[in-house]
Amino acid sequence: MNDLIVGLVSISDRASAGVYKDEGIPALKEWLACAIASPAWRDETRLIADEQPTIEGTLKELVDRQGCHLVLTTGGTGPAPRDVTPEATLAVAEKVMPGFGEQMRAVSLRYVPTAILSRQVAVVRGRCLIINLPGQPKAIKETLDGVFPAVPYCIDLIGGPYIETHEAVVRAFRPKSALRKK
């Protein structure tokens, strides 16, 4: 059984320059620690500037060299000129998973009307699912609550490890034929 390796990437010019403390990676770690029940998993973290070549290189390194099965990015998904996370993510993609972006915006629209400004995407590269999340801790949690039920089965389908979740936090959905006996 392979250990689940999760890449956590916070994309922020100011946080990466030390202007303020990054809140994205701690929010991701906290949510995952509560949600993932699989016994063996670890994370690889990166705090980087919002530069497309840097983001692309980081995503490739996490997937191709570190062997991540899931990469969660936070930040850089809005319409501002420096927000290039979706472009970088699409540039390294082998398959685009549009349902994730649609669901993330639908979830966020329950909380803020500006969710329509989000350009979040999700893609597959090799045996890894990469998902762009918002930058604020509250929005990270809300978005993960809404899309993570589909993540474990997606990772099954692309050849990654079987992920179990704490159902009180988030219930992973799999068709009956994909469930493992306990």
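Let's start with Thr165, which sits in the segment after α7. Keep in mind that this is a predicted model. Thr165 counts as buried because its relative accessible area is 12%, under the 20% cut-off. What does its side chain reach? Setting aside residues up to four places away in sequence, Thr165 touches Ala35, Ile36, Ala37, Phe148, Pro152, Val170, Arg171 and Ala172.

Now for the nonpolar interior. In soluble globular proteins, nonpolar side chains tend to be buried together. Here the largest nonpolar core has 28 residues, and Leu70, Leu72, Leu129 and Ile131 have the most contacts inside it. Two or more residues each come from β1 (4–11), α2 (24–35), β3 (70–74), α5 (98–109), β5 (122–125), β6 (128–133), α6 (137–147) and α7 (151–157). The largest share, five residues, belongs to α2.

Leu72 is a handy place to look around: beyond four places in sequence, Leu72 touches Gly7, Leu8, Val9, Leu28, Leu32, Ile131, Leu133 and Leu144. Apart from this core lies another, of 16 residues, with Ile11, Ile55, Leu62 and Val63 among them.

Finally, take α2 and α6. Their axes are 9 Å apart, and the helices pack at an angle of about 35 degrees, in a right-handed crossing. On the α2 side, Gly24, Ala27, Leu28 and Trp31 make the contact, and they meet Pro137, Ile140, Lys141, Leu144 and Asp145 of α6. Sorted by class, that contact has six nonpolar, one polar and two charged residues.

Technical notes:
Residues are numbered from 1 along each chain as its sequence is written. This is a predicted model: local features need pLDDT of at least 70, side-chain atom pairs count only at pLDDT 80 or more; totals for chains, interfaces and linings use all residues. Side-chain values use heavy atoms; hydrogens and water are left out. A nonpolar core is a set of buried Ala, Val, Leu, Ile, Met, Phe, Trp, Tyr and Cys residues joined through side-chain atoms within 4.5 Å. Buried means under 20% relative accessible area, exposed over 50%, partly exposed in between (1.4 Å probe, protein chains only). Helices (H or I, at least four residues) and strands (E, at least two) are DSSP runs, numbered from the N terminus. Contact means heavy atoms within 4.5 Å. Axes are lines fitted to C-alpha atoms, for helices over the stretch in contact, and angles run from 0 to 180 degrees between N-to-C directions. A crossing is left-handed if the near helix is turned anticlockwise from the far one by less than a right angle, and right-handed if clockwise. Ala, Val, Leu, Ile, Met, Phe, Trp, Tyr, Cys and Pro count as nonpolar, Asp, Glu, Lys and Arg as charged, and the others, Gly among them, as polar.
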